[in-house]
Amino acid sequence: MGTPGFRSVRASALKVALISQLGYVEDKRHGKGSHSKLVCEGRPSLTWGFGKRDLAPHEVKRFLMKQVNLDLSEALELMDHV
């Protein structure tokens, strides 16, 4: 079946793309630990373990469309910057 336009990416690379392309910033008040909290005005807050794990294409698509609330074209455009 596949996930056209999406590929496997490192979670930390996805975090960098969210920050640089969508304007998310790390919420330093979140505390320490393995998870980061990202906030962006007008977008949902994200709490995610942006570690060294590779995300499968279907996980990337689901995260961008369900958690970040991007439509398909926005999600695919972001993939060009990961």
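Which residue forms a salt bridge with Lys15? In this predicted model, the partner is Glu26, with the closest N and O atoms 3.1 Å apart. Lys15 lies in helix H1 (residues 11-22) and Glu26 in strand E2 (residues 25-26), so the pair ties together parts that are eleven residues apart in sequence. Lys15 is buried, at 15% relative accessible area. Glu26 is partly exposed, at 32%.

The whole structure holds three salt bridges. Side chains of opposite charge can pair when their charged atoms come close. Asp54 is partly exposed, with a relative accessible area of 43%. Arg10 is partly exposed at 37%. Another bridge joins Arg53 to Glu59, at 2.7 Å from N to O. Arg53 is partly exposed at 46%, whereas Glu59 is buried at 19%.

One aromatic pair was found. Trp48 and Phe63 form this tilted pair, with 4.4 Å between the centres and 45 degrees between the planes. Trp48 belongs to strand E4 (residues 46-48) and Phe63 to helix H2 (residues 57-67), so the contact ties together parts that are 15 residues apart in sequence. Phe63 is buried, at 4% relative accessibility. Trp48 is partly exposed, at 23%.

Glu74 sits in helix H3 (residues 72-79). Its relative accessibility of 34% makes Glu74 partly exposed.

Note on methods
Residues are numbered from 1 along each chain as its sequence is written. This is a predicted model: local features need pLDDT of at least 70, side-chain atom pairs count only at pLDDT 80 or more; totals for chains, interfaces and linings use all residues. Side-chain values use heavy atoms; hydrogens and water are left out. Helices (H or I, at least four residues) and strands (E, at least two) are DSSP runs, numbered from the N terminus. Buried means under 20% relative accessible area, exposed over 50%, partly exposed in between (1.4 Å probe, protein chains only). Rings of Phe, Tyr and Trp (its six-membered ring) pair if their centres lie within 6.5 Å; planes under 30 degrees apart count as stacked, over 60 as edge-to-face and the rest as tilted. A salt bridge is a side-chain nitrogen of Lys or Arg within 4 Å of a carboxyl oxygen of Asp or Glu.
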